[in-house]
Number of protein chains: 2
Amino acid sequence: MAADADPARKSIGARRNPDSADAILEAAEAVLVEAGYAGFSIEAVARRARAGKPTIYRWWPSKAALLLEVYQRQKRVDVPDTGRLEEDLVGFLKNLFAHWRETSSGSVFRSLIAEAQSDDTASASLAGYALGRRSHTGQILERAKARGEIGVDIDSALVADLIASFAWKHLLTNRLDEDEATIRKTVNYVMRGIAAPGK
Amino acid sequence: MAADADPARKSIGARRNPDSADAILEAAEAVLVEAGYAGFSIEAVARRARAGKPTIYRWWPSKAALLLEVYQRQKRVDVPDTGRLEEDLVGFLKNLFAHWRETSSGSVFRSLIAEAQSDDTASASLAGYALGRRSHTGQILERAKARGEIGVDIDSALVADLIASFAWKHLLTNRLDEDEATIRKTVNYVMRGIAAPGK
DNA sequence: GCCTGAAAACGGGCCGTTTCGTTTGATCGC
DNA sequence: GCGATCAAACGAAACGGCCCGTTTTCAGGC
């Protein structure tokens, strides 16, 4: 250990650590994965990061703010680009479910949604994210429009919202293990809405 | 939990259940509405109900269990039956959003979803509810089938799941104030998927 | 000698539980 | 019948513990 064993002369000192923010964010993510949202406390994060609570509160005003930044650091899920809308949508949902299952992203996103139910900062951020036109599904649909695969008059936001809602509900009800057939059935159904003549 | 309307099930000793249980459930709902999910604690409920904490813990093993029973006591939203599928779906979503906005049901359901992210009991219950075939949207679709308005081969569960996902996401992102036009647009889109020939 | 920043301590709230003394109501002896 | 009895449920208080958000203390760098 770096710390001297002599209690009368603790020489561990106050080392300047400009990158401690990274350590705290990594610790926060680790706590979230290992202990879940219920065990996610500033205390636990500080212990894990070997940092003091005031250090965390200096940079993040609330638990929600820390959670938000952990969320924004997440690696993005792969968005396929196969040249066919159906394959892109099915592939994306498959990737997304696997991503949520197998990385910390699922835990983080679930926690963010839960936190948003009692914290205005998280709620506003989540609403902004959900309303954003840059969602992955939106990109897939825009590409299909550019290829001429679907009409430019299709309401991408509406379709993307439906697909995203489907994914959210599966995340929130622990149904991320759907097989490809189920996902494809839903995608096919939604695509029938695209193909049918507008009303 | 289980409806025990059986007066024959008796043993020795005092049984003053109903009054106190009702008072606690009403207090729990009131706390949830007034203080939100963040302020929903057993302590707060006990204070409000002028009951002791042990009384609450005797009947409900956890916060999630109490939340579940509050949720199950909620008045159900009106399910319209106009004889036309489109009007039924639009009317139901309008009713549902208004119900969530204007009664305590929205707060209770949001809290239940949040709790489900860290409590297995709530999670299992929520998943069961979401999987249930007796959902309101499912009833509307079954009625449309019985009238011959849509084919019996339509996957009601899939369509109901899509509609429910849409509603959930709007609840969770504070977008319950959508006007009828937006709701109708989504319903029309989903109905085009019904009308289009299957693949 | 300031200033930065980590560690420790503080006051407060809620948790889930235990321990009181009291109240209720079904059972049973009279 | 009817009152005594006794188990169960009750409200209240207090507990040890954890975590909150803040404040204070103190060691080193400039």
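Student: How many residues of chain B are in contact with chain A?

Tutor: In this predicted model, 41 residues of chain B touch 41 residues of chain A.

Student: What area do the two chains bury between them?

Tutor: The size of an interface is often given as the accessible area lost when the parts come together. Here chain B and chain A bury about 3700 Å² between them. Carbon and sulfur atoms hold 61% of that area.

Student: Which residues of chain B lose the most area to chain A?

Tutor: They are Gln117(B), Lys169(B) and Tyr189(B). Together they make up 20% of what the chain B side buries.

Student: How many salt bridges cross the interface?

Tutor: Side chains of opposite charge can pair when their charged atoms come close. The rule finds 6 salt bridges between chain B and chain A. Over all chains, the count is 35.

Student: Which residue of chain A forms a salt bridge with Asp161(B)?

Tutor: Lys169(A) does. The closest N and O atoms of this pair are 2.7 Å apart.

Student: And which residue of chain A meets Lys185(B) in a salt bridge?

Tutor: Asp155(A), at 3.1 Å from N to O. Lys185(B) lies in helix H10 of chain B, while Asp155(A) sits in the loop between helix H8 (136-147) and helix H9 (156-172) of chain A, so the pair joins two chains.

Student: Which elements of chain B give two or more residues to the side that touches chain A?

Tutor: Four helices of chain B do: H6 (105-116), H7 (120-131), H9 (156-172) and H10 (180-195). H9(B) gives the most, with 11 residues. By type, the residues on this side of chain B divide into 21 nonpolar, 11 polar and 9 charged.

Student: What rotation superposes chain B on chain A?

Tutor: Two copies of a chain are related by a rotation about an axis and a shift along it. Here the rotation is 180°, the shift is 0.1 Å and the RMSD is 0.1 Å. The two copies are therefore related as by a two-fold rotation axis.

Student: Why do the copies meet through the same surface?

Tutor: Because 100% of the interface residues of chain B are also interface residues in chain A.

Student: Which residues of chain A does the "DNA-binding region" annotation cover?

Tutor: The unreviewed UniProt entry places this annotation on residues 41-60 of chain A. That span is 75% helix and 0% strand. Its end C-alpha atoms lie 13 Å apart.

Conventions. Residues numbered from 1 in each chain as written. Chains lettered and ligands numbered in written order. Predicted model: local features only at pLDDT ≥ 70, side-chain atom pairs only at ≥ 80, totals over all residues. Heavy atoms only, no water. UniProt positions renumbered as here; feature names shortened; annotations may be inferred. Contact = heavy atoms within 4.5 Å. Buried area = accessible area lost by both parts, 1.4 Å probe. Salt bridge = Lys/Arg side-chain N within 4 Å of Asp/Glu carboxyl O. Nonpolar A, V, L, I, M, F, W, Y, C, P; charged D, E, K, R; others polar. Least-squares fit on C-alpha atoms with pLDDT ≥ 70 in both.
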